[in-house]
Amino acid sequence: DVILAIETSCDETSAAVIRGGKTIMSNVVSSQIDIHERFGGVVPELASRKHVESITLIIEQALEEAEVELKDISAIAVTQGPGLVGALLVGIVAAKSLAMALDIPLIGTHHIAGHIYANELVHDMAYPCMALVVSGGHTELVLLASEGEFRVVGRTRDDAVGEAYDKVARALRLPYPGGPHIDRLAHEAEEAIELPRAWLESESYDFSFSGLKSAVLAVINQTRMKGLELNEAALARGFQESVTEVLVTKAMRAAREYGAKQLLLCGGVAANRGLRSALAARCEAEGLPLLVPPNSLCTDNAAMIGAAAFLKLKREQLTGLDMKADPGFSLESWSVGG
Ligand code: ATP
Ligand code: MG
Ligand code: FE
């Protein structure tokens, strides 16, 4: 099977060609960061307009790089949600037109299932496994009891990790997206400013990052008000250590409780060096295999959408041409079992 996958849920226009659900023949990603940077975040109207401008070209480029023609494509996959509705629609309209014109199956795909199944493009997943999803809009612990069966056992009650990173970066007047800048600062730091950890109820796998974010903002404001010099690197390191300790501890506990054979780290924040190394060390110590995709497959891309769509294609669970964008799409409802 050769899947043409399309992803336009946020600020990356991407198209990919995937063979057999595992082999990346091409994965073209066009980022809009330069457009949204000066606004300090994604502007939905601008995102949709840019997707419209780019989508045809990106699809053509993906076919060209894969050295295939439209007649070689056996199914079209597209992100159905969650995401910005206007952005999702651009990919969905393109996908529907292609599926209709070529008379081939269409598969509406869940964006977070994509982030999780990015792992299948570079590793062999084994079940049951536990996925720690850390991205711009999500922070979740997802149990996969078997292939394509998603159960969310923990989620953030307020900010997503990536969102917290971006807000802290903004307060430090760093460019958008701020995650990589905080990561770099944290590594340069010689010391850390001690910040609180939000554990919530002792048995809970949920997360909360808004209190930590407020604590960071309080340090920044107090230092500035007193006219003192802020040790930004130490603050970045304190923030990163707090986030990492909570994520790693809860992920390890969840993996153990549910008998996971592997721990998967995915989503844009999986690129974070502090998180990667802390998780790698704990997994090594406890003999739990850790799967992390390369950075290019952690941030938004269409290859991961093709990998997830393959779960449905091989079970002939197809989507009708009347499919609609679903900005609040539930991951569990996208499970292969129903
Ligand atoms: P979602 O997948 O939840 O819809 P999204 O697609 O916008 O959200 P991603 O593209 O997966 O999110 O990830 C983007 C986020 O990752 C941004 O918040 C960015 O700051 C963060 N990020 C990227 N690299 C790093 C890093 N090295 N350290 C921390 N955060 C990072
Ligand atoms: Mg993005
Ligand atoms: Fe994403």
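Trainee: What radius of gyration would a compact globule with 338 residues have, and what does the protein have?
Mentor: Keep in mind that this is a predicted model. For 338 residues, a compact globule would come out near 20 Å. The C-alpha atoms here fill a box of roughly 65 × 45 × 30 Å along the principal axes. The protein's own radius of gyration agrees with the globule value, at 20 Å.

Trainee: How many helices and strands does the protein have, and what share of its residues count as buried?
Mentor: You'll find 11 helices and 10 strands. Of the 338 residues, the share that counts as buried is 50%.

Trainee: Which residues have the most contacts inside the largest nonpolar core?
Mentor: In soluble globular proteins, nonpolar side chains tend to be buried together. Here the largest nonpolar core has 107 residues, and helix 8 (residues 232–257) gives the most to this core, with 11 residues. The residues with the most contacts inside the core are Ala5 and Ala251.

Trainee: In what order do the strands of the open sheet of five strands come?
Mentor: Start at the edges, strand 8 (150–155) and strand 10 (290–291), each of which pairs on one side only. Strand 6 and strand 7 are joined by six bridges and run antiparallel, while strand 7 and strand 8 pair in the antiparallel sense over five bridges. Strand 6 and strand 9 also pair over five bridges, but in the parallel sense. The pairing is mixed, and the order is 8-7-6-9-10.

Trainee: Is strand 7 largely enclosed or exposed?
Mentor: In a regular strand the side chains alternate between the two faces of the sheet. Thr139, Leu141 and Leu143 are buried on one side of strand 7, and Glu140, Val142 and Leu144 are buried on the other. Six of the six residues are buried, so strand 7 is largely enclosed.

Trainee: How many of the 11 residues of helix 5 are buried?
Mentor: The buried ones include Val161, Gly162 and Tyr165. What covers them includes strand 6, strand 7, helix 6, helix 7 (210–225) and helix 8. Helix 5 is mostly covered, and its buried residues number nine.

Trainee: Which residues come nearest to ligand 1?
Mentor: There are 24 residues around ligand 1, dividing into six nonpolar, 15 polar and three charged. Helix 4 (111–117), helix 5 (161–171) and helix 6 (179–188) each give two or more residues to this shell. The nearest residues are Gly136, Gly137, Gly162, Gly179 and Gly268.

Trainee: Why does Asn27 count as buried?
Mentor: Asn27 sits in strand 3 (residues 23–31). Not counting residues up to four places away in sequence, Asn27 touches Ala16, Asn301, Ala302 and Ala303. The cut-off for buried is 20 or more other C-beta atoms within 10 Å. Asn27 is buried because the number of other C-beta atoms within 10 Å is 23.

Trainee: How far apart in space are Asn27 and Ala62, C-alpha to C-alpha?
Mentor: In sequence, the two are 35 residues apart. In space, the C-alpha to C-alpha distance between Asn27 and Ala62 is 6.3 Å.

Notes
Residues are numbered from 1 along each chain as its sequence is written. Chains are lettered from A and ligands numbered from 1 in the order in which they are written. This is a predicted model: local features need pLDDT of at least 70, side-chain atom pairs count only at pLDDT 80 or more; totals for chains, interfaces and linings use all residues. A residue is near a molecule or strand if its C-beta atom, placed from the backbone, lies within 6 Å of it. Helices (H or I, at least four residues) and strands (E, at least two) are DSSP runs, numbered from the N terminus. Ala, Val, Leu, Ile, Met, Phe, Trp, Tyr, Cys and Pro count as nonpolar, Asp, Glu, Lys and Arg as charged, and the others, Gly among them, as polar. The radius of gyration is taken over C-alpha atoms; the globule rule is 2.2 Å times the number of residues to the power 0.38. A residue is buried if 20 or more other C-beta atoms lie within 10 Å of its own, exposed if 12 or fewer, and partly exposed in between; C-beta atoms are placed from the backbone. A nonpolar core is a set of buried Ala, Val, Leu, Ile, Met, Phe, Trp, Tyr and Cys residues joined through C-beta atoms within 7 Å. Two residues are in contact if their C-beta atoms, placed from the backbone, lie within 7 Å. Two strands pair if DSSP finds at least two bridges between them.
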